[in-house]
Amino acid sequence: MCGFYEKYSLMNFDSGVTSSKLKPLSGTAIMRALLAFASEASENLKANVQNLELEIAQELDSTNKILQENLKNKTKTCALIAQRQTSGRGRLARKWYSEEFGSITLSVGFNLPKDTEHLASFTILAGLKICQNLRKSFGDKFLLKWPNDIYFDGKKLSGMLANLRVDSDSLGLVFGVGFNCNLTSLPPEIADTAVSLSAGVENIDRDFCAALIIFSILQAKEALLNFDSINLPEEFKEFDYLNNRAVKADLGGETIDGLARGITKKGELLIEKNNQSGDIHVLNSGEAFLKK
């Protein structure tokens with residue numbers, strides 16, 4: 001892509017790099033952790049990890065933007081990490097706060113067959129895989145807030161954003177994650193609502209966390225291609241931050257108030273309306289907020 005990228009693969013993999021709290025992310029350490037995650041995975045997933053093209057940039061405006069611009073010419077699954085991200089964005093173009101040595105800002109991109117279905121469910125699939133792997137590593141305080149936020153101990157830990165490119169013969173999916181790992185501080189405007197993993201977990205290895213996120217996205221890709229074998233509502237139930245809580249959704253001129261009642265097979269949010277008949281509204285876009 002550009003001259004300031006470092007590229008990592010099994011070809012230049014070694015085992016002599018360690019990471020610490022205030023060191024840049026290490027490609028070799030991330031590759032090592034990815035291989036460990038993949039050791040008990042399916043053969044397809046293991047091959048996806050082994051063939052992964054991992055690149056780390058010192059500074060980028062947006063990993064999603066850069067990877068999306070370059071993905072069409074890629075034959076392998078690609079992961080792009082920024083040591084510093086200057087203009088990261090979440091849903092609805094909201095700015096994502098990041099801190100060098102404290103944040104993880106990365107994107108994973110891959111091309112898919114043109115007839116791939118259920119693409120709208122990918123964010124839920126990836127969020128579930130990330131939450132499942134975080135719980136295995138750090139305990140049970142991780143939840144998924146529909147559609148694209150991961151919560152830790154009641155506050156926002158991570159945001160996710162999917163971008164899709166449609167060509168005549170293929171689809172390109174880029175999935176970005178911003179993750180608060182070892183933040184030293186939070187801006188006043190988000191200090192009450194956001195959290196860093198280091199607030200509840202000691203001795204965090206950012207390389208391990210970056211590998212966990214990348215591996216989870218690769219797991220989600222495999223799940224997408226085998227979607228009919230998944231019971232998405234059942235899997236989501238255990239991690240549902242909004243479950244049975246009072247929510248409000250703004251539909252652009254219309255407001256839906258009610259109780260969150262899980263998701264559909266496609267990953268749409270179910271809201272039981274606050275009316276006498278208790279009608280169920282299916283929310284397939286937008287956002288739902290907890291009512292205060």
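**A tour of rings, charges and strands**

Select Lys145 and Phe289 to start: Lys145 lies over the face of Phe289, 5.7 Å from the ring centre. A charge counts as over a ring if NZ of Lys or CZ of Arg is within 6 Å of the ring centre and within 35 degrees of the ring normal. Before moving on, note that this is a predicted model, where local features need pLDDT of at least 70, side-chain atom pairs count only at pLDDT 80 or more, and totals for chains, interfaces and linings use all residues. Residues are numbered from 1 along each chain as its sequence is written, and side-chain values use heavy atoms, with hydrogens and water left out.

Now pick Arg245 and Tyr241. The charged end of Arg245 sits over the Tyr241 ring, 4.7 Å from its centre.

Next, the aromatics. There are 7 aromatic pairs in the structure (Phe, Tyr or Trp rings, using the six-membered ring of Trp, with centres within 6.5 Å; stacked is under 30 degrees between planes, edge-to-face over 60, tilted the rest). Show Phe142 and Phe152: this pair is stacked, at 4.8 Å centre to centre and 20° between the planes. Phe142 belongs to strand 5 (residues 142–145) and Phe152 to strand 6 (residues 149–152); strands are DSSP runs of E, at least two residues, numbered from the N terminus. Then select Phe37, Phe138, Phe208 and Phe215, which form one aromatic cluster.

Last stop: the open sheet of 5 strands, ordered 12-11-10-9-13 with antiparallel pairing (two strands pair if DSSP finds at least two bridges between them). At its edges are strand 12 (280–283) and strand 13 (288–290). Finally, click Asp250: its bridge partner in strand 10 is Thr255.

Technical notes: Helices (H or I, at least four residues) and strands (E, at least two) are DSSP runs, numbered from the N terminus.
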